[in-house]
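Welcome, and thanks for taking a look at this one.

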Amino acid sequence: MAVSRTTLKSLYGVCGVVYRQPLLFPSSLKCASIQITRSKFERDYQRPGQPPDTRWPWQMINFDFSKGVESVRKHFGLLKDEFFQRWIGPEGKPIIEHMLEQTRVVWEFRGPESLNEWIVSSDQEIGGRSVAYVSLGKNNTTCLLYGTLSSTPPRDGETRYSGYCSMRSKPPKASFDRKKHYDWSSFNTLHLRIRGDGRPWMINVSAETYFSHQRDDIYSYFLYTRGGPYWQDVKIPFSKFFLSSRGRIQDSQHPLWLDKINTIGFTLGDKADGPFQLEIDFIGLNNDCAHTEEFAYELYKKNP
Amino acid sequence: TDRQNRTDIEKLVEDETHHKDKTLVTHDDIFDRAAGDSKTKVEFNRVVDVFKSKDIRRRGHVEFIYAALKKMPEFGVECDVTVYNKLLDVFPKEVFVPQNFIQRMFNHYPRQQECGVQVLEQMENYGVMPNIETKVLLVQIFGEKSHPIRKFQRIMYWFPKFKHTNPYPVPHVLPSDPVDLAQFSLTRIAADLDAKITIYQYPSTDITETGEEITRPHIVGIQSPDQRSLLAKHNPCKPVFVEGPYPLWLRQKCVHYYLLRADPIPPEEKVEEEIDPEMICPEQSLFFPQRVELDLKVDMGDDHSFNVDEVEEGAVYAMCMAGQGDQATLSQWISGLQETCPILGQIPTVFRLESGPRELQTSTDDHQRPEQEAETDQIIEDDEEPRHSRGVKQ
């Protein structure tokens, strides 16, 4: 559900005057602010004090003929692409290119359509007061994630900590909403070109799991931004990502399996209340031959 | 009848007195009453000592420890490991140690273990590293294979792992001098080891002849040789812009910096650098050639560059941090820059500033132009627009 402007207005009224720092490159588009939140069915957190949703399943579906026609066209287009890409090679690439490529750009932010794959969320949807938005930077390039972080917990009697803002990519979908994954087996390093304001972030990679109770398992690592007007190239080997679930680092660690990657995300939660800003140029993969580490953390027996 | 009324009144008074005697006294009140006005580590330790000596059985120690954890930031002891050890010492010893595997399996004394975990959780949140004394205390209180010991082991494993992962470390205690803080911040964001820091103005307070007090803010600038050469090659017909303030977060502190930059160069005006003919003449040394033109095909397996279009941005010529963000102060910075870059005197300077939370608008020649208003359009229309200060310095 998209957050309406009235809600934002009332929130500003409640919090008083929300001062917002000027952006490094304010967007020239007036309506470039895209407020994307996660869809209804992806949200499984129920706020304390909220009554359960007792609507029937068919009451959540909205019937629309034009959307149906558009959906049919999209799905059959995807099906045609899947069929004809097999003659060229894996994922539509020639086999020689697939075997020899050393770098790959997975997400490149050019134009408004490149923001459609990202979901922005903050603890506002669970009762907190942080806000996060995503828009395009100057000249309709680079993804700009900005907002205000507030670590005041909601007064519901249960929540102990609060204050996060995150942006996550949507899982890739095949035709007719079938599940699809990224295959990053040929690479060992994540490469980002970012520009921040000095705050530390977390990069989260979500892989496919076999059991449904592992739904919250993510592989995280830190993203330290330098700040300032210059771009910053960040290289994070996949061996550095550690397994965490619901914000807790797990005792049983194992390396990230790169053949079934679902999403990548950025989370800010450093408990420094105030405005934040992160600009992303592209997210790519790299095969660093000098990095031979398989996993950075010990795999000892748990609870000896 | 009078006797009955008097008896009832006496009973009511007695009940009220009895009720008052039984009112609960919370542990927060103990801290507030004991500290009074001064809230220091000594007072905190004294409250803990009083509680420990009050009762040998230490009744209510879980509630006391929770209250103490909540009061720690007020007393300023939240980053002191000895205070955490003293707080763990409030637990009775050897009482919660499980005697057999059945007790260990079924979460022996769950509330006390949860309280111990919360103490360690607060240490983790504030980045406090436990020490050997912490481990000895936890083993004496809860035993070897308890939840607080597991939490302690996790902290001792992951804290050293992530201690040196930050490529841009920030000290725990930032310098309080604004000039030192500005130097540290500018060195961080310059991303160039050759960049030179110049202090154009120190903070000072003068009193003029008329008795008026004038406060001069500090101005610290940084510029690298590359930026200086770029500025020297700037076209004097095009203006340069002073933009800011931009935020930079150092732990919990937000500082602001300003930029001197130009607009991106249009594609038709880009000129390639002329190569010195001396370097490519036939008399050059074959062993140390200045320029090699080999038309070799690069294999795809050796290509490590990313196929991404470059983001077109204007060049950044200099950066500065000042105590005030008004145009007069930044004009002094521009004047200081002219000592090393005389071309700045011929280049028109446009100030594209926004007011910050602590800055004062003292500019007098404040007139707005529609071109710049269009450039600084707000993204969120509902947001309250900050005041703008613009001007042209010729």
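Residues 357-394 of chain B have a pLDDT under 50, and for this stretch the model holds 82 contacts beyond four places in sequence. Please keep in mind that this is a predicted model. Where pLDDT is low, the predicted coordinates should not be read in detail. With that said, here is the tour.

**Confidence**

- Chain B has an average pLDDT of 81, with 80% of its residues scoring at least 70.
- For chain A the mean pLDDT is 83, and 85% of the residues reach 70 or more.
- In chain A, residues 1-38 have a pLDDT below 50, and this stretch makes 90 contacts in the model beyond near neighbours in sequence.

**Overall make-up of the two chains**

- Chain A contains three helices and 13 strands.
- Chain B contains 13 helices and nine strands.
- Of the 304 residues in chain A, 45% are buried, while in chain B the buried share is 40% of 394 residues.
- Taking contacts between residues at least 6 apart in sequence, 76% of those in chain A join residues at least 24 apart.
- The corresponding figure for chain B is 68%.

**Cysteines**

- How many disulfides does a search of the whole structure find? The search, run over all chains, finds zero.
- A:Cys165 has a relative accessible area of 1%, so it counts as buried.
- B:Cys254 is also on the buried side of the 20% cut-off, because its relative accessibility is 18%.

**A helix pair in chain B**

- Helix H3 (residues 41-54) and helix H4 (residues 61-75) of chain B pack with their axes 11 Å apart, at an angle of about 175 degrees.
- H3(B) and H4(B) are therefore roughly antiparallel to each other.
- On the H3(B) side, the contact is made by B:Lys41, B:Glu43, B:Phe44, B:Val47, B:Val48 and B:Phe51.
- H4(B) contributes B:His61, B:Phe64, B:Ala68, B:Met72 and B:Phe75 to this contact.
- Sorted by class, the residues in the contact of H3(B) with H4(B) are eight nonpolar, one polar and two charged.
- As helical background, an α-helix has 3.6 residues a turn, so residues three or four places apart point the same way.

**A mostly covered helix in chain B**

- Helix H12 (residues 327-337) of chain B is mostly covered, with eight of its eleven residues buried.
- The buried residues of H12(B) are B:Gln327, B:Thr329, B:Leu330, B:Ser331, B:Trp333, B:Ile334, B:Gly336 and B:Leu337.

- A:His75 sits in helix H2 (residues 65-85) of chain A.
- Is A:His75 buried or exposed? A:His75 is buried, because its relative accessible area is 8%.
- Setting aside residues up to four places away in sequence, A:His75 touches A:Ser175, A:Phe176 and A:Asp177.
- B:Pro98 is in the loop of chain B between helix H5 (81-88) and helix H6 (101-105).
- Although B:Pro98 lies in a loop, this proline is buried, with a relative accessible area of 18%.
- Beyond its neighbours within four places in sequence, B:Pro98 has contacts with B:Gln103, B:Arg104, B:His108 and B:Phe142.
- B:Pro98 and B:Ser146 are 48 residues apart along the chain, and their C-alpha atoms are separated by 8.8 Å.

**Backbone geometry worth a check**

- Most residues other than glycine have a negative phi, and most peptide bonds are trans.
- Which peptide bond is cis, with omega near -10 degrees? The bond in question runs from B:Gly244 to B:Pro245.
- B:Pro245 has its place in strand S5 (residues 240-250) of chain B.
- A:Lys271 has a positive phi, near 60 degrees.
- A:Lys271 is in the loop of chain A between strand S12 (261-268) and strand S13 (274-286), and at 39% relative accessibility this lysine counts as partly exposed.
- B:Ala191 also has a positive phi, near 55 degrees.
- The loop holding B:Ala191 runs between helix H10 (178-190) and strand S1 (196-201) of chain B, and B:Ala191 is partly exposed at 48% relative accessibility.

Note on methods: Residues numbered from 1 in each chain as written. Chains lettered and ligands numbered in written order. Predicted model: local features only at pLDDT ≥ 70, side-chain atom pairs only at ≥ 80, totals over all residues. Heavy atoms only, no water. Disulfide = S-S within 2.5 Å. Buried < 20%, exposed > 50% of the residue type's maximum accessible area, 1.4 Å probe, protein only. pLDDT = per-residue confidence, 0-100. Contact = heavy atoms within 4.5 Å. Axes fitted to C-alpha atoms, helices over the stretch in contact; angles between N-to-C directions. Helix = DSSP H or I, 4+ residues; strand = E, 2+ residues; numbered from the N terminus. Parallel < 35°, antiparallel > 145°, perpendicular 65-115°, else oblique. Nonpolar A, V, L, I, M, F, W, Y, C, P; charged D, E, K, R; others polar.
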